[in-house]
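Subject: Structure for your review

Dear colleague,

Please find below the structure that I am handing over to you. My notes on what was found in it follow directly after.

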Amino acid sequence: MRSFRMPRTKRAAATATATTVGLGVVAALALVTAPTASSHGYTDTPISRQKLCANKTVSDCGPIQWEPQSVEGLKGFPAAGPADGRICAGNHSEFAQLDDPRGGAWPATPVTSGQSYSFRWQFTANHSTTDFRYYVTKNGWDPTKPLTRAALDPQPFLAVAYNGARPAMTTVHQGTMPSGKTGRHLILAVWTVNDTPMAFYSCSDVQF
Ligand SMILES: [Cu+2]
C-alpha cells in the first residue's frame, strides 16, 4: 500500500470512508482530490455528448464517461478558447472522443426550428457566472467532420447574462431553437465562469 501525508482529521475520515466502501487507497485519494476534480457542469437537454457517454448510451468514450462535468477550457470563445477540431472536448486530449464525429452517427435529439425550448444544465459546482451562450452549426454543416468555428453561425442564437450571479444547481434557460434549420446540427453551449479564466463547453447533436 502506498502511503501519503494528510492532516490527522482528514486521514481518520478518509480511512473510515475507505473502510466503509472497501476501496482502500483509491477511495482515500479520491476524497483528497475531489474538491478540484469534480466541480463544474454539462448540458443534459438537449443531451450533450458527455452525458451520452456518462449514461452509457454511447460507448468507447474514455474517461469523460466518469466526469461529464469536466469539459473545461479557456474562456473567450470564439476569439479564444479551444482550438478548432477540439471544441467539444474543451481542448482536452484525454476527452478527444467528444470531438470524434463517429461518422455523423452520434444520437441526435429531435427538435423543431423556431420553437420554444428549455435548455438545461446540471452543475456539480455553480460558479459565479458571466453568461451562457448557445451556438448552432450553419446549414450545410458536415456532421462527419470535427466542429470548427467556421462551421458555426457566428452569433449565438441564445445568450443569457448572469453578471457574476450563481446559477441554480439545475438550471433551465427558456429560449427558442434557431429558425431556418433543417437536418442534423450541433449545438454548442458555452458557460463562461466569471471569476476564473475558464469556461465549460458542451456539444449536443440535434435533428431539426
Ligand atoms: Cu468547477
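**Arg 184 and its surroundings**

Leaving aside residues up to four places away in sequence, Arg 184 is in contact (heavy atoms within 4.5 Å) with Gly 104, Ala 105, Trp 106, Ala 108, Trp 141, Pro 143, Asp 205, Val 206 and Gln 207. Please note that this is a predicted model, in which local features need pLDDT of at least 70 and side-chain atom pairs count only at pLDDT 80 or more, while totals for chains, interfaces and linings use all residues. Residues are numbered from 1 along each chain as its sequence is written, and side-chain values use heavy atoms, with hydrogens and water left out.

Arg 184 lies in strand β8; helices (H or I, at least four residues) and strands (E, at least two) are DSSP runs, numbered from the N terminus. With a relative accessibility of 22%, Arg 184 counts as partly exposed; here buried means under 20% relative accessible area, exposed over 50%, and partly exposed in between, using a 1.4 Å probe and protein chains only. Two backbone oxygens are reached by polar atoms of its side chain: that of Trp 106 at 2.9 Å and that of Gly 104 at 3.3 Å. Although Arg 184 and Gln 207 are 23 residues apart along the chain, their C-alpha atoms are separated by 4.4 Å.

**The open sheet**

Three strands, in the order β1-β4-β7, make up an open sheet with antiparallel pairing; two strands pair if DSSP finds at least two bridges between them. Because β1 (41-45) and β7 (170-176) stand at the edges with a single partner strand each, one side of each is left without a neighbour in the sheet. On average, neighbouring strands of this sheet are turned by 30° against each other, direction ignored; the axes behind this angle are lines fitted to C-alpha atoms, for helices over the stretch in contact, and angles run from 0 to 180 degrees between N-to-C directions.

Strand β1 is largely enclosed by the rest of the structure, because four of its five residues are buried.

Asp 44 is placed in strand β1 and, at 14% relative accessibility, counts as buried. Leaving out residues up to four places away in sequence, Asp 44 touches Lys 51, Arg 120 and Gln 122. The side chain of Asp 44 makes a polar contact of 2.9 Å with the side chain of Arg 120 and another, of 3.5 Å, with that of Thr 45. A polar contact is a pair of N or O atoms within 3.5 Å; within protein, one must be able to donate a hydrogen and the other to accept it, and residues adjacent in sequence count only if both atoms are side-chain atoms.

In soluble globular proteins, nonpolar side chains tend to be buried together. With residues up to four places away in sequence not counted, the contacts of Leu 147 include Trp 141, Leu 186, Leu 188, Cys 88 and Cys 203.

**The disulfides**

How many disulfides does the structure hold? There are two, a disulfide being a pair of cysteine sulfur atoms within 2.5 Å. One joins Cys 53 to Cys 61, with an S to S distance of 2.0 Å; both residues are buried, and the link is left-handed, with -70° about the S-S bond.

Cys 88 and Cys 203 form a disulfide with their sulfur atoms 2.1 Å apart. The torsion about this S-S bond of Cys 88 and Cys 203 is about -85°, so the disulfide is left-handed. Cys 88 lies in the loop between β2 (72-74) and β3 (109-110) and Cys 203 in strand β9, so the pair ties together parts that are 115 residues apart in sequence. Cys 88 is buried, at 1% relative accessible area, and Cys 203 is buried at 0% relative accessibility.

With kind regards
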